[in-house]
Each structure stands twice: as C-alpha cells, then as structure tokens.
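Biologist: Could you walk me through reading a protein model, one feature at a time? I would like the general idea of each feature, and then the case at hand.

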Amino acid sequence: MDPSRLHPQARAAMQVQQRVPLTRANLPAARLSMVQATPAEVGSAPAIRSVVTVDAGGVPARLYRDDDHDAMPVVLYAHGGGWVMGSVDTHDGLCRHVAAASGWAVLSVDYRLAPEYPYPAAVDDMARALTWLRGPGAARHGLDPGRTAVAGDSVGGHLAAVTARRARDAGVRLAGQILICPVIDPAADYPALARVS
C-alpha cells in the first residue's frame, strides 16, 4: 500500500497512532493509544446545538442534536475499538459530524467493554439503549421512535448489525442501518489488512 495515495487525514492518523500489542497485559496502553490518536483521526469537530449525557435504560450514552425540532429522527451509534477499546469520548467528534451533516440526532452508546464485561454485555447494552430510545427516551428528548436507525464503525458496525437483526426478529422496524467498515466476517479473513499490519 502506498500511503501517499491516502487522504491527508488518514495519513496523519496512521502516523500518530502507536501500534501497541493488544494483549490483556497491554490493554491499558492500547486503550490510551486510541484516545491519544483520536484528534488526528477525526480532525476538528463542529460545534452543534446540544450534547447531553443520558442514562439510556441503564446504559451510559451521549445524545447529539444540531437542531431543536420535535420528532427528530435518531441514529443509535456504536463506537469501534475491537470490543475492548473506544468510548463516547473517542467517537465524540465523529458523532458531532454525523449530527451536523445528517439532520438526525445521534445517541452514542458507551457500551461495556471486554474483557471486564464479556459477551453478550455490549450486545445487551445496545438492545437496552434501543428499547429506551424507542420508548421513554424518544418522548423525553423529542425524538421520533419510528425513524430510528442503527450505525457503527468497525466492531460498532458489528454491534449495529446484531442490534438490527435482533430488532427485526422481535418485530421492531428500523429506518436503516449504517455499517462503517463493519467486522461481520466470522472468518476474519482480510488479506489486505494482513499486508498493511
């Protein structure tokens, strides 16, 4: 891969993030590396009208709105980070961009991370946040429960896909799903990724 062909922001992100081996012993350093790389990876975030911390049915979350209309559509967002890293803080800038560009509210879920909270903790947190969002959360924050989508990047894409399938199986209709480089291949057979790393 020729890094000069990448977008300047992608090149900057590759240069700033330290490659810390992802082991249980190195997990704190790996988590810190992700936090430290976030400004270069995301760039400057736009100012938006409202960012509030909410309790989404017992799950910590952050709600982003760039206007104050009632019955706003909303995206339930799951951050990436390999099931073991990431947070609403590392994805704050991205969620601000999505809210500003889309006209939708964004609920970013601070789901529980492994290994402290093994499967199915993160999946359960997403399901609880969706239930809250389509019920008391929508009423409390002026959101349209009938126009709810799920989204996520990397592992968050996996969580969004699982959340969408579970919702479908339960008869809950979603407005859509947005999967950004999702981890959905059970074999995890990515030859290009092996060449880059």
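The dialogue below takes up strands, a helix, a loop residue and salt bridges in turn.

Biologist: What should I know about the model before I start?

Modeller: This is a predicted model, so local features need pLDDT of at least 70 and side-chain atom pairs count only at pLDDT 80 or more, while totals for chains, interfaces and linings use all residues. Residues are numbered from 1 along each chain as its sequence is written, and side-chain values use heavy atoms, with hydrogens and water left out.

Biologist: Which strands pair with β3, and in what sense?

Modeller: Two strands pair if DSSP finds at least two bridges between them. β3 runs parallel to β5 (residues 143–153) over 6 bridges, and L76 has V150 as its bridge partner there. With β4, β3 also pairs in the parallel sense, over 5 bridges. Along that pairing, V75 stands opposite V106 and Y77 opposite S108. Between β3 and β4 the chain passes through helix α3 (residues 92–102), making a right-handed β-α-β crossover. Right-handed means that, with the strands pointing away from the viewer, the path from the first strand over the helix to the second runs clockwise.

Biologist: Now a helix, please. How do I judge the span of α2, and where does α2 bend?

Modeller: The expected span of a helix is 1.5 Å times one less than its number of residues. α2 has 16 residues and reaches 22 Å from first C-alpha to last, close to the 22 Å expected. A bend at a residue is the angle between axes fitted to the seven residues ending there and the seven starting there. In α2 that angle is about 35 degrees at Q36, and the proline P39 follows within four residues. After the helix comes G43, whose phi is positive, near 80 degrees.

Biologist: Which residues of α2 are buried?

Modeller: As background, an α-helix has 3.6 residues a turn, so residues three or four places apart point the same way. In α2, the buried residues are L27, A30, S33, M34, A37 and T38.

Biologist: What is A114 in contact with?

Modeller: Contact means heavy atoms within 4.5 Å. Neighbours within four places in sequence aside, A114 touches L27, R31, W83 and V84. A114 sits in the loop between β4 and α4 and is buried, at 19% relative accessible area. G82 is 32 residues from A114 in sequence, with 9.0 Å from C-alpha to C-alpha.

Biologist: Last topic: how many salt bridges does the structure hold?

Modeller: A salt bridge is a side-chain nitrogen of Lys or Arg within 4 Å of a carboxyl oxygen of Asp or Glu, and the structure holds 10. One of them joins E116 and R31, at 2.9 Å from N to O. E116 lies in the loop between β4 and α4, and R31 in α2, so this pair ties together parts that are 85 residues apart in sequence. E116 is partly exposed at 47%, and R31 is partly exposed at 23%.

Biologist: What about other pairs?

Modeller: D144 and R147 form a salt bridge, with closest N and O atoms 2.8 Å apart. D169 and R168 form another, also at 2.8 Å, and D169 is exposed at 57%. Shared partners also join R62, D89, D92 and R96 into one salt-bridge network.

Notes: Helix = DSSP H or I, 4+ residues; strand = E, 2+ residues; numbered from the N terminus. Buried < 20%, exposed > 50% of the residue type's maximum accessible area, 1.4 Å probe, protein only.
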